[in-house]
Amino acid sequence: MRPMARGIAALATALALAACSGGGTTSTQAPAGGTQAPAGSTQAPAGTTAASAPCTDSTGTTVVAVGVANMEWQQPINAKVGDVITWTNGDTVPHKVALDDGSCAMSDNIPGGGSKSLVFSVAGTFPFHCSVHPSMQGTITISS
(Lines give C-alpha, C1' and ligand atoms only; values in the text may rest on other atoms or scores of the structure.)
Protein backbone atom coordinates (compact mmCIF):
# COMPACT_ATOMS: atom_id res chain seq x y z
CA MET A 1 0.00 0.00 0.00
CA ARG A 2 2.83 2.33 0.70
CA PRO A 3 4.20 2.31 -2.86
CA MET A 4 0.74 3.17 -4.17
CA ALA A 5 0.41 6.11 -1.75
CA ARG A 6 3.82 7.40 -2.87
CA GLY A 7 2.79 7.13 -6.50
CA ILE A 8 -0.43 9.05 -5.89
CA ALA A 9 1.49 11.71 -3.93
CA ALA A 10 4.04 12.04 -6.74
CA LEU A 11 1.26 12.34 -9.32
CA ALA A 12 -0.58 14.97 -7.23
CA THR A 13 2.65 16.95 -6.82
CA ALA A 14 3.37 16.81 -10.56
CA LEU A 15 -0.16 18.01 -11.38
CA ALA A 16 0.09 20.85 -8.86
CA LEU A 17 3.43 21.97 -10.29
CA ALA A 18 2.08 21.82 -13.84
CA ALA A 19 -0.94 23.92 -12.86
CA CYS A 20 1.28 26.55 -11.22
CA SER A 21 3.77 26.74 -14.05
CA GLY A 22 1.33 28.56 -16.34
CA GLY A 23 2.02 25.98 -19.05
CA GLY A 24 -0.07 28.03 -21.50
CA THR A 25 1.29 29.61 -24.62
CA THR A 26 1.79 33.29 -25.27
CA SER A 27 0.75 34.80 -28.54
CA THR A 28 2.76 37.48 -30.31
CA GLN A 29 0.11 38.08 -32.94
CA ALA A 30 -1.96 41.24 -33.09
CA PRO A 31 -5.66 40.97 -32.26
CA ALA A 32 -7.82 39.83 -35.16
CA GLY A 33 -9.03 42.68 -37.32
CA GLY A 34 -6.65 45.26 -35.87
CA THR A 35 -3.26 46.67 -36.69
CA GLN A 36 -2.29 48.00 -33.29
CA ALA A 37 -1.08 46.16 -30.24
CA PRO A 38 -3.21 46.37 -27.08
CA ALA A 39 -2.76 49.43 -24.87
CA GLY A 40 0.31 49.15 -22.68
CA SER A 41 1.92 46.56 -24.93
CA THR A 42 5.40 47.01 -26.31
CA GLN A 43 4.62 44.87 -29.32
CA ALA A 44 4.83 46.55 -32.73
CA PRO A 45 1.63 46.74 -34.79
CA ALA A 46 0.85 43.67 -36.88
CA GLY A 47 3.25 43.16 -39.75
CA THR A 48 5.85 45.63 -38.53
CA THR A 49 9.02 45.36 -36.54
CA ALA A 50 11.72 47.90 -35.93
CA ALA A 51 13.47 46.55 -39.03
CA SER A 52 10.35 46.65 -41.22
CA ALA A 53 8.81 49.98 -40.19
CA PRO A 54 7.68 51.94 -43.26
CA CYS A 55 9.81 54.95 -42.33
CA THR A 56 12.89 55.93 -40.38
CA ASP A 57 14.61 59.11 -39.26
CA SER A 58 16.97 60.55 -41.86
CA THR A 59 19.80 63.05 -42.02
CA GLY A 60 20.02 62.80 -45.81
CA THR A 61 19.52 65.54 -48.36
CA THR A 62 15.98 66.90 -48.45
CA VAL A 63 13.95 65.96 -51.52
CA VAL A 64 10.52 67.05 -50.26
CA ALA A 65 10.24 70.08 -47.95
CA VAL A 66 7.15 70.39 -45.74
CA GLY A 67 6.26 73.40 -43.63
CA VAL A 68 4.53 73.44 -40.27
CA ALA A 69 2.93 76.75 -39.30
CA ASN A 70 -0.02 77.97 -37.26
CA MET A 71 -0.46 74.47 -35.83
CA GLU A 72 -1.08 72.97 -39.30
CA TRP A 73 0.89 70.66 -41.60
CA GLN A 74 1.47 71.88 -45.14
CA GLN A 75 -0.60 69.62 -47.40
CA PRO A 76 -0.45 67.63 -49.61
CA ILE A 77 2.69 65.64 -48.84
CA ASN A 78 3.71 63.52 -51.84
CA ALA A 79 7.05 61.75 -52.20
CA LYS A 80 8.64 58.62 -53.64
CA VAL A 81 10.14 55.64 -51.85
CA GLY A 82 13.60 56.71 -50.66
CA ASP A 83 12.92 60.48 -50.80
CA VAL A 84 13.94 62.38 -47.69
CA ILE A 85 10.94 64.35 -46.40
CA THR A 86 11.94 67.26 -44.14
CA TRP A 87 9.47 69.09 -41.91
CA THR A 88 10.49 72.62 -40.88
CA ASN A 89 8.65 73.93 -37.83
CA GLY A 90 7.57 77.56 -38.21
CA ASP A 91 5.79 77.49 -34.84
CA THR A 92 7.36 78.23 -31.46
CA VAL A 93 6.08 74.97 -29.96
CA PRO A 94 7.50 71.50 -30.77
CA HIS A 95 5.81 69.03 -33.12
CA LYS A 96 6.45 65.35 -33.87
CA VAL A 97 5.30 63.28 -36.87
CA ALA A 98 3.80 59.91 -35.93
CA LEU A 99 1.92 57.53 -38.23
CA ASP A 100 -1.61 56.86 -37.01
CA ASP A 101 -1.09 53.07 -37.03
CA GLY A 102 1.87 53.40 -34.66
CA SER A 103 4.32 51.78 -37.07
CA CYS A 104 6.66 54.79 -37.28
CA ALA A 105 7.37 58.10 -35.58
CA MET A 106 10.18 60.62 -35.49
CA SER A 107 12.59 59.77 -32.70
CA ASP A 108 12.57 63.36 -31.41
CA ASN A 109 10.34 66.42 -31.49
CA ILE A 110 10.88 69.11 -34.11
CA PRO A 111 11.73 72.14 -31.97
CA GLY A 112 10.29 75.55 -32.83
CA GLY A 113 12.30 76.83 -35.81
CA GLY A 114 13.95 73.43 -36.29
CA SER A 115 13.73 70.64 -38.86
CA LYS A 116 13.53 66.83 -38.77
CA SER A 117 13.36 64.31 -41.62
CA LEU A 118 11.92 60.89 -42.40
CA VAL A 119 12.49 58.54 -45.33
CA PHE A 120 9.94 55.90 -46.39
CA SER A 121 10.93 52.44 -47.61
CA VAL A 122 7.50 51.39 -48.91
CA ALA A 123 4.82 52.96 -51.08
CA GLY A 124 1.40 53.71 -49.64
CA THR A 125 -0.85 56.30 -48.08
CA PHE A 126 0.04 57.04 -44.48
CA PRO A 127 -2.32 59.02 -42.23
CA PHE A 128 -0.31 60.79 -39.52
CA HIS A 129 -0.65 63.20 -36.63
CA CYS A 130 1.46 65.28 -34.30
CA SER A 131 2.10 63.20 -31.19
CA VAL A 132 2.40 66.44 -29.19
CA HIS A 133 -0.82 67.93 -30.64
CA PRO A 134 -3.01 64.99 -31.80
CA SER A 135 -5.56 67.30 -33.45
CA MET A 136 -2.89 68.15 -36.08
CA GLN A 137 -3.50 65.50 -38.72
CA GLY A 138 -2.38 64.89 -42.28
CA THR A 139 -1.64 62.29 -44.94
CA ILE A 140 1.64 61.31 -46.56
CA THR A 141 1.41 59.64 -49.99
CA ILE A 142 4.46 57.64 -51.05
CA SER A 143 4.72 56.29 -54.60
CA SER A 144 7.14 53.75 -56.06
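Predicted model: local features only at pLDDT ≥ 70, side-chain atom pairs only at ≥ 80, totals over all residues.
Visitor: Which pattern does the chain follow along the sequence?
Guide: Start with the pieces: there are one helix and nine strands. Read along the sequence, they give α-β-β-β-β-β-β-β-β-β.

Visitor: What percentage of the residues in the chain is buried?
Guide: A residue counts as buried when its relative accessible area is under 20%. The chain has 144 residues, and the buried part of them comes to 29%.

Visitor: Among contacts between residues at least 6 apart in sequence, what percentage joins residues at least 24 apart?
Guide: Here you look at how far apart two touching residues sit in the sequence, and a contact needs heavy atoms within 4.5 Å. For the separation of at least 24, the figure is 53%.

Visitor: Which residues does the disulfide join?
Guide: A pair of cysteine sulfur atoms has to lie within 2.5 Å to count as a disulfide. By that rule there is one disulfide. Its S to S distance is 1.8 Å, and it joins cysteine 55 to cysteine 104.

Visitor: How many residues apart are cysteine 55 and cysteine 104?
Guide: Find them on the chain: cysteine 55 is in strand β1 (residues 55–58), while cysteine 104 is in the loop between β6 and β7 (115–120). The pair links distant parts of the chain, 49 residues apart.

Visitor: Is that disulfide of cysteine 55 and cysteine 104 left-handed or right-handed?
Guide: Check the torsion about the S-S bond, which is about -115°. With that value, the disulfide of cysteine 55 and cysteine 104 is left-handed.

Visitor: Is cysteine 55 buried or exposed, and what about cysteine 104?
Guide: The cut-off for buried is under 20% relative accessible area. Cysteine 55 has 4%, so it is buried. Cysteine 104 has 7%, so cysteine 104 also counts as buried.

Visitor: How many aromatic pairs are there, and what kind is the one between tryptophan 73 and phenylalanine 128?
Guide: The count is three aromatic pairs. In the pair of tryptophan 73 and phenylalanine 128, the ring centres are 5.1 Å apart and the planes meet at 55°. Planes over 60 degrees apart would count as edge-to-face and those under 30 as stacked. At 55°, this pair is tilted.

Visitor: Which parts does the pair of tryptophan 73 and phenylalanine 128 tie together?
Guide: The two residues are 55 apart in sequence, so the pair ties together separate parts of the chain. Both of these residues are buried. Tryptophan 73 lies in strand β3 (residues 72–73), and phenylalanine 128 lies in strand β8.

Visitor: What kind of pair do tryptophan 87 and phenylalanine 128 make?
Guide: Their ring centres are 6.3 Å apart, and the planes are at 65°. Tryptophan 87 sits in strand β5, 41 residues from phenylalanine 128 in strand β8. Since edge-to-face covers planes over 60 degrees apart, the pair at 65° is edge-to-face.

Visitor: Which residues do the ring pairs link into a cluster?
Guide: Phenylalanine 128 pairs with tryptophan 73, and phenylalanine 128 also pairs with tryptophan 87. The cluster is made of Trp73, Trp87 and Phe128.

Visitor: Which residue's side chain makes a polar contact with the side chain of histidine 133?
Guide: Histidine 133 is in the loop between β8 (124–130) and β9 (137–143). At 18% relative accessibility, histidine 133 counts as buried. Leaving aside neighbours within four places in sequence, histidine 133 is in contact with Met71, Val93, Pro94 and His95. The polar contact, at 3.2 Å, is with histidine 95.

Visitor: Is methionine 71 buried, partly exposed or exposed?
Guide: Methionine 71 is in the loop between β2 and β3, and has a positive phi of about 60° although it is not a glycine. Its relative accessibility is 37%, so methionine 71 counts as partly exposed.

Visitor: What is the distance between the C-alpha atoms of threonine 92 and asparagine 70?
Guide: Threonine 92 is in the loop between β5 (84–89) and β6 (97–99), and asparagine 70 is in the loop between β2 (64–69) and β3. Threonine 92 is exposed at 78%, and asparagine 70 is exposed at 67%. They are 22 residues apart along the chain, and their C-alpha atoms are separated by 9.4 Å.

Definitions and conventions. Residues numbered from 1 in each chain as written. Heavy atoms only, no water. Helix = DSSP H or I, 4+ residues; strand = E, 2+ residues; numbered from the N terminus. Buried < 20%, exposed > 50% of the residue type's maximum accessible area, 1.4 Å probe, protein only. Polar contact = N/O pair within 3.5 Å; in protein donor to acceptor, adjacent residues only side chain to side chain. Phe/Tyr/Trp six-rings, centres within 6.5 Å; stacked < 30°, edge-to-face > 60°.
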